[in-house]
Amino acid sequence: MGTTSEGIMESVDKFSKVMKKYNIWHHIDACVSGIALFSTKYRYLTSSFKHANSITIDCHKCLNLNQQCSVLLIQEGDLLSDCSRVTAPYLFHKDSEYDVANRSFQCGRRADGFKLWFCDQLDDLDAQATLIYDRNARFKKIIADDPRFENVEKDSMTHCCFKLVSAQEGENHEIMNALLKEGIYIEYHRDYFKAVAVNNDIDEDSFKSIIERIFAVHERLSQK
């Protein structure tokens, strides 16, 4: 379902047809962008999920939940029992809707499900997921409106990947080292920077300040 590094969502419809034709288990790794499933506004992006046999979403990555909180969704729920069940009476009680030890990989009944439910009651996961997608769209518009920068991955839903138009090869590393001395960190790759819009304290003004610092360091380096 795209990539973790760029947060891109891709249609998997063409793959699902091949998987179904040859009876191959179809798993979607939606660890980052899959949070759209929680958003009423952006849920349409997950329409291809219905074709999968299983889906994973890492809620601790983009919904600001404490680690570890991953969701594994399976079309045929009984398969979890068939794959994970072991005979250990001293560990497990009679299986019920509350005791899911025989239906989980952890087998220690870790309360990831309760954590997800509890956070939804407190913070509303629909609003949180929508906020992250909306914030990323605003960040990308800031880049699009600034002629000094350019969006790199336009289909990225949770990451703002951008580059300096006039940057020289390998310059990002020097810029990042200079910014670190100022107490600013932004992830970068060889030819572009990446901002992941999950921190609620980073608003548009903060983002504009960061890209201004990037450009200022770039100009200073260019004058050497």
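This is a predicted model: local features need pLDDT of at least 70, side-chain atom pairs count only at pLDDT 80 or more; totals for chains, interfaces and linings use all residues.
1. Residues are numbered from 1 along each chain as its sequence is written, and side-chain values use heavy atoms, with hydrogens and water left out.

2. Helix α5 (residues 125–144) and helix α7 (residues 204–222) have axes that come within 10 Å and cross at roughly 40°, where axes are lines fitted to C-alpha atoms, for helices over the stretch in contact, and angles run from 0 to 180 degrees between N-to-C directions. The two helices are therefore oblique to each other, given that angles under 35 degrees count as roughly parallel, over 145 as roughly antiparallel, 65 to 115 as roughly perpendicular and the rest as oblique. Helices (H or I, at least four residues) and strands (E, at least two) are DSSP runs, numbered from the N terminus.

3. On the α5 side the contact (heavy atoms within 4.5 Å) is made by R138, F139, I142 and I143, and on the α7 side by E204, F207, K208 and I211. These residues divide into five nonpolar, no polar and three charged, with Ala, Val, Leu, Ile, Met, Phe, Trp, Tyr, Cys and Pro counted as nonpolar, Asp, Glu, Lys and Arg as charged, and the others, Gly among them, as polar.

4. The axes of helix α6 (residues 171–181) and α7 also come within 10 Å, crossing at roughly 115°, which makes α6 roughly perpendicular to α7. From α6 the contact draws on E171, E174, I175, A178 and L179, and from α7 on R213, I214, V217, H218, R220 and L221; six of the residues in this contact are nonpolar, one is polar and four are charged.
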